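Thanks for making the time this morning.

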Amino acid sequence: MTTSTNGTFDRTPLIAGNWKMNMDHVQGITLLQKLAWTLSDARHDFARVEVSVFPPFTDIRGVQTLVQGDKLKLSYGAQDLSEQDAGAYTGDISGAFLNKLGCSYVLVGHSERREIHGESDELLNAKVKAAFRHELTPVLCAGEGLQVRQAGTHVEHTLAQIRAGVAGLTAEQAAELVIAYEPIWAIGTGEVAGPSDAQELCAAIRAELAELFDAATAAKTRLLYGGSVKAANVAAIMAERDVDGVLVGGASLDAGEFATIARFESHLVTG
Ligand SMILES: O=C(CO)COP(=O)(O)O
């Protein structure tokens with residue numbers, strides 16, 4: 001995360017909460033209300049640090065009603081979408097529906113989708129394109145498992161996922177895209193990649209985007225880190241130059257903890 005000379009961020013930090021398959025639509029509203037109250041008490045500046053939640057599909061209509069009704073500054077997105085626009089695809093959800101529900105974002109290729117549902121790089125590339133077709137910003141997730149990390153090929157592994165995911169995008173789309181580096185061994189395990197691990201990968205991803213598109217495009221793409229992010233470790237991660245935000249799982253289900261993560265600037269560590 002870098003700041004420009006006038007003290008604003010070069011890229012608006014994005015603090016994103018992935019609720020995964022937690023929180024029914026009633027619980028989801030309670031969580032979101034608590035989060036909004038806590039951030040408003042703390043006078044959180046949403047223009048300076050964006051806060052976004054990714055609830056289950058069944059919660060999104062309620063989230064939309066609350067956000068619009070109370071004019072909350074939070075943005076929200078879905079955890080997945082279909083690569084198709086409409087038709088006989090039982091159980092799938094079109095990006096068109098998500099757009100209609102006011103979603104700004106959609107996760108694509110979370111490791112739990114890649115692993116549990118066998119989603120391939122080709123499918124995920126089609127989902128990224130479907131998101132753009134419906135004016136949703138894809139948050140493309142990538143990252144290695146423990147074996148790849150131990151073999152030392154984590155950078156190449158992650159970059160290969162990203163190359164496949166962004167194939168065929170325009171430079172303008174690549175600049176708008178958000179990419180989340182989430183090492184699988186650090187997800188829900190309490191193991192957090194060190195800030196320097198997060199920086200190593202985010203820098204490599206930015207360099208790859210510069211190769212694939214151009215340096216000006218790569219300088220605009222927001223890169224997030226995800227994996228056991230908590231209030232206690234977020235500041236050190238956010239202090240890294242190429243890390244523009246975090247994708248938070250478990251800790252986003254606690255409004256107080258997630259609000260503290262969103263306010264990472266108030267507890268930035270130095271030295
Ligand atoms: O998968 C994640 C966010 O998408 C990370 O989950 P945890 O924060 O629970 O490790």
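Which elements each supply at least two residues of the lining of the largest cavity? They are helix H4 and strand S5, the latter covering residues 137–142. Please keep in mind throughout that this is a predicted model.

Let me stay with that cavity for a moment. The count comes to one cavity of 30 Å³ or more, and the space in the largest cavity is about 40 Å³. Its lining is made up of Gly109, Ser111, Arg114, Cys141, Ala142, Gly143, Gln161, Glu182 and Ile184, which by class gives three nonpolar, four polar and two charged residues.

The largest pocket holds about 440 Å³ of space, and of the 20 residues that line it, Phe57, Gln79, Asp80, Arg113 and His117 lie nearest its centre. Taken by class, the pocket lining divides into seven nonpolar, six polar and seven charged residues.

Now to the annotation, which I would treat with some care, since it may be inferred rather than shown by experiment. The UniProt record, an unreviewed entry, lists Asn18, Trp19, Lys20, Gly188, Ser228, Gly249 and Gly250 under "binding site". These positions span 233 residues in sequence, yet no two of their C-alpha atoms are more than 13.8 Å apart, so they gather at one spot. From this set, Asn18 and Lys20 are taken in by the lining of the largest pocket. Those two residues are also touched by Gly249, which sits in the loop between strand S8 (245–248) and helix H12 (255–262). Gly188, for its part, is found in the loop between S6 and H9, and with a relative accessible area of 76% Gly188 is exposed.

The buried residues of H9 are Ala198, Gln199, Leu201, Cys202, Ala204, Ile205, Arg206, Glu208 and Leu209. As a reminder when reading such a list, an α-helix has 3.6 residues a turn, so residues three or four places apart point the same way. What covers the buried residues of H9 includes helices H6 (146–151), H7 (154–166) and H10 (215–218), together with strands S6 (178–181) and S7 (222–226).

I will stop there and take questions.

Note on methods. Residues numbered from 1 in each chain as written. Predicted model: local features only at pLDDT ≥ 70, side-chain atom pairs only at ≥ 80, totals over all residues. Heavy atoms only, no water. Buried < 20%, exposed > 50% of the residue type's maximum accessible area, 1.4 Å probe, protein only. Helix = DSSP H or I, 4+ residues; strand = E, 2+ residues; numbered from the N terminus. Contact = heavy atoms within 4.5 Å. 1 Å grid on protein atoms, 1.4 Å probe; cavity = no way out; pocket = protein on both sides within 12 Å on 5 of 7 lines; lining within 4 Å. Points joined across faces, edges and corners; volume = space filled by probe spheres on them. Nonpolar A, V, L, I, M, F, W, Y, C, P; charged D, E, K, R; others polar.
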